[in-house]
Amino acid sequence: MYNVNKLIDYHILKSNKAYFNLSQDELINISVAKGEGDLAKNGALSINTGKYTGRSPKDRFIVDEPLVHDYINWNNTNQPTSSYKFERLFDKAINYINDKEIFIFEGYVGSDSNYRMPIRVVNEFAYQNLFAQQMFIKPKEEERGSIKPEFTVIALPNLMSNPKVDGTNSEAFVIISFEKKIVLIGGTKYSGEIKKSIFTIMNYLLPFKDVLPMHCSANVGENNDVALFFGLSGTGKTTLSADENRRLIGDDEHGWTDNGIFNFEGGCYAKCINLSHKKEPQIFNAIKRGAILENVVIDKDTKEPDYDNDKYTENTRAAFPVEHIEEAILEGEGGIPNTIIFLTADATGVLPPISKLTKEQAMYHFMSGYTSKLAGTERGIVEPKATFSSCFGEPFMLLKPQVYAKILGEKIEKYNTNVFLVNTGWTGGSYGEGNRMKLEYTRAMVKAALIGELDNIKYIKDPIFNLSIPTECKNVPKDILDPSSTWGNTEEYFQKARELAKAFIQNFEKFSTVSDDIRNVNPKIFSKAI
């Protein structure tokens with residue numbers, strides 16, 4: 001058995017064609033010169049990722065090694081592969097890059113120095129190395145050259161696997177080895193695989209240090225009140241946390257310690273379909289020189305981005321460093337969260353636009369992670385599809401959901417944190433009949449929750465989901481707060497609500513070890529409309 005890390009050092013670090021921690025401008029110029037992309041009018045580097053315009057979860061594998069075998073929650077998402085197959089692909093990768101020009105970023109994941117992890121990212125494309133530089137935390141000048149990476153990501157989009165020979169499901173692959181401390185990525189140009197693989201590793205490691213890793217965005221108000229926003233891609237995490245009246249800590253990945261929260265990243269990876277300055281000024285203004293646009297249609301003559309055009313995908317993306325967000329918390333740290341927002345894009349149109357949760361309800365909905373996957377976020381998703389994604393990020397959570405939920409419940413109780421469930425999906429009917437919740441209303445409800453306007457008002461109970469629904473909220477029409485009143489046919493509403501309730505109950509059956517106080521949160525199904 002060879003030493004993988006020494007082999008990496010020999011073939012990569014000793015190469016005359018390896019470029020370390022190049023500047024932003026150097027990477028942009030190289031990328032354009034090589035024909036990887038072009039510059040948009042706003043200065044961003046525009047890239048098309050080809051076939052893969054979203055993550056490919058069926059192509060992600062974890063090497064089944066003694067170090068992790070008893071801890072991984074093996075399932076259709078956390079698919080095992082053997083050390084033999086990993087080493088076969090690793091050899092293939094090393095031979096592939098042996099004579100190629102490569103770009104290397106060395107930095108950190110995790111802004112808290114007590115928990116940060118040194119990493120190395122190796123790329124064959126200059127634009128993906130710029131992506132790594134913008135997404136992760138750049139080393140200080142005095143740290144350059146002295147970083148000893150704990151994990152190395154090798155991303156080679158033009159290296160295709162042979163499923164029959166390599167044991168993969170397609171030509172694309174993302175394989176994580178905890179014993180070798182290597183991530184191999186091939187066959188896909190979608191840059192999100194790079195950041196999400198590192199996120200997955202942090203999610204596995206941190207609970208062993210009594211830290212809760214979270215797929216959430218975070219911001220802080222003028223009174224140093226910290227808010228967390230949980231939700232899958234497309235539910236509004238980035239949009240709602242980018243608030244002109246609050247300072248952004250991070251838009252996607254955080255850890256919660258006894259001292260507060262910290263951002264895993266040094267950048268943002270915002271979905272930008274239908275982006276406008278009016279609706280999302282902070283994100284719009286952040287897309288400039290140094291940012292990367294993925295799969296956004298660019299006018300051939302004017303070079304203007306057309307954010308409304310979904311020619312390539314609805315999962316258009318903008319990657320940029322957090323300092324592009326005005327007044328963002330560049331240190332990436334905040335205090336103990338005062339408020340947690342769970343975001344769901346409910347395609348059935350039956351969940352309230354906002355409801356307040358007890359600790360037990362919070363743990364239940366955290367473990368359930370209900371939402372509707374939106375078009376383009378993953379390959380094959382062309383319209384909203386109802387799904388349950390534990391911890392609002394199941395593809396990135398390697399341990400059992402109960403592990404993460406237990407830590408969350410303990411922190412909610414210890415710090416008396418308020419939790420709200422917010423539906424950014426449909427109202428007045430299901431997808432295709434109702435309408436998407438207006439962003440201005442969602443912003444008003446979230447603001448009310450964060451500044452305490454929903455603390456001392458009257459609530460009513462949803463008869464099926466037992467959710468506490470506020471009867472009023474400033475700048476929000478009262479008639480949309482109770483979803484049953486927005487449907488033209490009440491009987492149809494309750495029929496659809498019972499269908500969703502059954503799905504919740506069936507999904508929760510897989511959590512056989514939870515306590516009764518959590519299981520009793522299950523919705524109540526009635527035989528006929530109320």
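Reply: One term to begin with: two strands pair if DSSP finds at least two bridges between them. The model is predicted.

Me: OK, what is the bridge partner of Glu-294 in S20?

Reply: Arg-317 is the bridge partner of Glu-294. Strand S17 (residues 292–294) and strand S20 (residues 317–321) pair in the antiparallel sense, over three bridges.

Me: What order do the strands of that sheet have?

Reply: The order is S2-S3-S17-S20-S16, in an open sheet of five strands with mixed pairing. S2 (37–39) and S16 (267–271) each have a single partner strand, so one side of each has no neighbour in the sheet. Neighbouring strands are turned by 20 degrees against each other on average, direction ignored.

Me: Which helix packs on the sheet?

Reply: Helix H2 (residues 24–33), which touches S2 and strand S3 (45–47). The direction of H2 makes about 120 degrees with that of S2.

Me: Switching to charges. How many salt bridges does the count come to?

Reply: The count is 27. One of them joins Glu-265 and Lys-195, at 2.9 Å from N to O. Glu-265 is in the loop between strand S15 (260–263) and S16, and Lys-195 is in helix H6 (residues 192–205), so the pair ties together parts 70 residues apart in sequence.

Me: Is Glu-265 buried or exposed?

Reply: Buried, with a relative accessible area of 3%. Lys-195 also counts as buried, at 1%.

Me: And Asp-258, what does it form a salt bridge with?

Reply: Lys-411, with the closest N and O atoms 3.8 Å apart. Asp-258 counts as exposed at 55% relative accessibility, whereas Lys-411 counts as buried at 6%.

Terms used:
Residues are numbered from 1 along each chain as its sequence is written. This is a predicted model: local features need pLDDT of at least 70, side-chain atom pairs count only at pLDDT 80 or more; totals for chains, interfaces and linings use all residues. Side-chain values use heavy atoms; hydrogens and water are left out. Helices (H or I, at least four residues) and strands (E, at least two) are DSSP runs, numbered from the N terminus. Axes are lines fitted to C-alpha atoms, for helices over the stretch in contact, and angles run from 0 to 180 degrees between N-to-C directions. Contact means heavy atoms within 4.5 Å. A salt bridge is a side-chain nitrogen of Lys or Arg within 4 Å of a carboxyl oxygen of Asp or Glu. Buried means under 20% relative accessible area, exposed over 50%, partly exposed in between (1.4 Å probe, protein chains only).
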